[in-house]
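Below is a short note for a colleague who has the model open.

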Amino acid sequence: MAHLRLNLLGFLGLAVVGVSYQFYPPSVGTLPAASDRTALVSIAALASGLLAQLVGHVVPVVATFGHLLAFGGAVLYAYLVVAAFRAR
């Protein structure tokens with residue numbers, strides 16, 4: 001199960017987020033707080049959530065925190081993409 005999470009959220013998820021930030025820069029968004037700093041926070045939340053989920057295989061309480069952190073990063077990512085689309 002850890003291998004699946006590393007592939008889906010780690011490699012594939014972070015690669016998609018990084019590439020989409022190249023094509024739709026967060027700083028062009030018209031919504032409040034749409035900036036490069038928010039993009040960095042979303043990437044950090046996704047990566048930290050992945051790490052916490054992997055540690056959660058040893059300490060189960062940490063897995064829930066990892067899920068919430070990854071979900072928060074995904075919500076921030078969606079917000080920034082909507083802000084960039086709204087600007088166009």
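**Notes on the helix packing**

1. Helix α2 (residues 36–55) and helix α3 (residues 60–87) have axes that come within 7 Å and cross at roughly 155°, the axes being lines fitted to C-alpha atoms over the stretch in contact, with angles that run from 0 to 180 degrees between N-to-C directions. α2 is therefore roughly antiparallel to α3, a label applied to angles over 145 degrees, with those under 35 counted as roughly parallel, 65 to 115 as roughly perpendicular and the rest as oblique. Helices here are DSSP runs (H or I, at least four residues) and strands are runs of E of at least two, numbered from the N terminus.

2. This is a predicted model, in which local features need pLDDT of at least 70 and side-chain atom pairs count only at pLDDT 80 or more, while totals for chains, interfaces and linings use all residues. Residues are numbered from 1 along each chain as its sequence is written, and side-chain values use heavy atoms, with hydrogens and water left out.

3. Where α2 meets α3, the residues on the α2 side include Ala45, Leu46, Gly49 and Gln53, and those on the α3 side include Ala63, Gly66, Ala70 and Leu80, contact meaning heavy atoms within 4.5 Å. By class, this contact of α2 with α3 has 15 nonpolar, eight polar and no charged residues, where Ala, Val, Leu, Ile, Met, Phe, Trp, Tyr, Cys and Pro count as nonpolar, Asp, Glu, Lys and Arg as charged, and the others, Gly among them, as polar.

4. Glutamine 53, in helix α2, is buried, with a relative accessible area of 6%; buried means under 20%, exposed over 50% and partly exposed in between, with a 1.4 Å probe and protein chains only. Leaving aside residues up to four places away in sequence, glutamine 53 touches Arg5, Leu9, Ala63, Gly66, His67 and Ala70.

5. Alanine 33 lies in the loop between α1 (2–23) and α2, and deserves a look. Its phi is near 70°, a positive value in a residue other than glycine, and alanine 33 counts as exposed at 55% relative accessibility.

6. For the protein as a whole, the secondary structure comes to three helices and zero strands, and the C-alpha trace spans about 45 × 20 × 15 Å along its principal axes. Of the 88 residues, 31% count as buried.
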